[in-house]
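Here's a walk through a protein model, one neighbourhood at a time. Have the viewer open and follow along.

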Amino acid sequence: FATGTYAQTYNWVSSTEANIWQQSKAKLQLSTKQTPLLEISGTEEGTTFKAWGTTFNELCWDALNILTRDEQDNLLEKMFSPQGDLRFTRGRISMNANDYARDWYSCDEVSGDFQLKYFNINRDKLAIIPFIRAAQKYNSGMTFWISPWSPPSWMKINHDYPVRSCKFIDAYKEQGIPIDMVMYQNEAYSYTPYPGCAWTAEGTVRFNVEYLAPTLKKYHPEVKLYLGTFNTNRYDYVDKILSDPRMPQSIEGVGFQWEGGQILPKIRKKYPQYKYVQSESECGGGTFDWRAGEHTFHLINHYLGNGCEEYTFWNNTLCDNGESPWGWKQNALIHVDSKSRTATLTPEYYAVRHYSQFVTPGSHVIAYKPSTEGRTPVLVVETPEKKKVVIAGNFNNEAKKITLKLGNRYLNVELQPHSFNTFEEK
């Protein structure tokens, strides 16, 4: 848009289950015979996208350690290098155990230790911190955010495993791991067999406004407080929390995941003053199949199209059927076979790559069309270099012709059935 014109040729990368990452060219045309799905004039401002991220879990590190050191390094480079496939620059860290820890633990299980004299991150030094350092080898500028799945069991009313934020931030800072964002609770609106903690709306407001926000401002003013993670589609519940008049002075943004994504557009429309992030991509059921990849492709389209500045993936690497100690089978971007000691890049990996390799930090998301309309999700982005990128999927059983109007020219293409596609301006 700097020159007011569009390049006439785009590099086209297409992936189907049978043919991954096929590269060709697509030329813009002066006319079209069908109605464009989207029309881009060049005056759109859009949301600025900031970062792709992933979560550092113990079971992910265990899966990577089944492989040789060279194989590990190759995959870490693909995920975290600025020149790699996925280009993660953001990391999520769980305070205490989550559902993809090896087992239950917390940073302080000494009952009644309100002064946190026995607080430590010794368990994290066994897997989480080595995993982070391995990633930092390929991107030393990574930043991180934290949220607990469960507080120590003695802090809860029912003493069941399914404040220490500042000490956690200090401890990780000593390890050379900078934390710049905190969310008070992962999925505060679920009752789970794995580590978790349910909250009321009133408790959420009181804790964040009266305790966590002022404590962070006192000890770590450089760390932002975001409200979340919201995994509920109860609009009235989330609205009740955000409508508290003290909230704008306490939080900077909001994180959504799972069912919470359903109310994201409505919440963002009512509360445009906040920043929004997608805090955890959905994890599937251990199938590692193409349909799981399509679902992730759809989720990225939805969250970026509705103004999320960051997108965080859950398990990046799992072995075998992806089962947790609590019996949940999940998908990952990389699948490791523990018997053959080999790794496979999953369909979900390529669904992510079709976005993350091209939508760089600082890009503007200027238009989107959801997958609910014809099972053809489309996202249009302008990169910091003023290049246009079009990302489109076809989740139908037959080929689909689509048209986009870019300035005064048209991108007329036919998408293969069940395909991921990225068009990058030359």
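Contact here means heavy atoms within 4.5 Å, while helices (H or I, at least four residues) and strands (E, at least two) are DSSP runs numbered from the N terminus. Before going on, keep in mind that this is a predicted model, where local features need pLDDT of at least 70 and side-chain atom pairs count only at pLDDT 80 or more, although totals for chains, interfaces and linings use all residues. Residues are numbered from 1 along each chain as its sequence is written, and side-chain values use heavy atoms, with hydrogens and water left out.

Which residues of α5 are buried? They are Ala-201, Thr-204, Val-205, Phe-207, Asn-208, Val-209, Leu-212, Ala-213 and Leu-216. Buried means under 20% relative accessible area, exposed is over 50%, and partly exposed falls in between (1.4 Å probe, protein chains only). An α-helix has 3.6 residues a turn, so residues three or four places apart point the same way.

What about the end-to-end span of α5? With 19 residues at 1.5 Å a residue, α5 should span 27 Å, and its end C-alpha atoms are 26 Å apart, which agrees. The expected span is 1.5 Å times one less than the number of residues.

Now bring in α4. The axes of α4 (residues 165-174) and α5 (residues 201-219) come within 10 Å and cross at roughly 35°. Such axes are lines fitted to C-alpha atoms, for helices over the stretch in contact, with angles running from 0 to 180 degrees between N-to-C directions. On the α4 side you'll find Ser-165, Cys-166 and Ile-169, which meet Leu-212, Thr-215, Leu-216 and Tyr-219 of α5. The residues of this contact divide into 5 nonpolar, 2 polar and no charged.

On to the strands. Three of them, in the order β13-β14-β15, form an open sheet with mixed pairing; two strands pair if DSSP finds at least two bridges between them. At the edges stand β13 (317-319) and β15 (342-345), each with a single partner strand, so one side of each is left without a neighbour in the sheet. From one strand to the next, the twist averages 25°.

Where does the mixed pairing come from? β13 and β14 run parallel, joined by 3 bridges, whereas β14 (residues 334-337) and β15 run antiparallel, joined by 4 bridges. His-335 is a handy landmark, standing opposite Leu-318 and also opposite Thr-344 in β15. Val-336, in turn, stands opposite Ala-343 in β15. The hairpin of β14 and β15 has 4 residues between the strands, and Arg-341 takes a positive phi near 55° there.

Another open sheet of 3 strands has the order β3-β19-β20, again with mixed pairing. Here β3 (38-40) and β20 (409-415) are the edge strands, each with a single partner, so one side of each has no neighbour in the sheet. The twist averages 20° from one strand to the next. Between β19 (residues 400-406) and β20 there are 7 bridges, and the two run antiparallel. Look for Lys-401 opposite Glu-414 in β20.

Strand β5 (residues 51-55) is a case of burial: 5 of its 5 residues are buried, so β5 is largely enclosed by the rest of the structure. Ala-51, Gly-53 and Thr-55 lie on one side, with Trp-52 and Thr-54 on the other. β5 runs parallel to β12 (residues 308-313) through 4 bridges and parallel to β6 (residues 90-95) through 3 bridges. Thr-54 stands opposite Phe-313 in β12 and opposite Gly-91 in β6.

Last stop: Ser-419, in strand β21 (residues 419-425). At 0% relative accessibility, Ser-419 counts as buried. Leaving out residues up to four places away in sequence, Ser-419 touches Ser-14, Ser-15, Thr-16, Ala-392, Gly-393 and Asn-394.

Definitions and conventions. Nonpolar A, V, L, I, M, F, W, Y, C, P; charged D, E, K, R; others polar.
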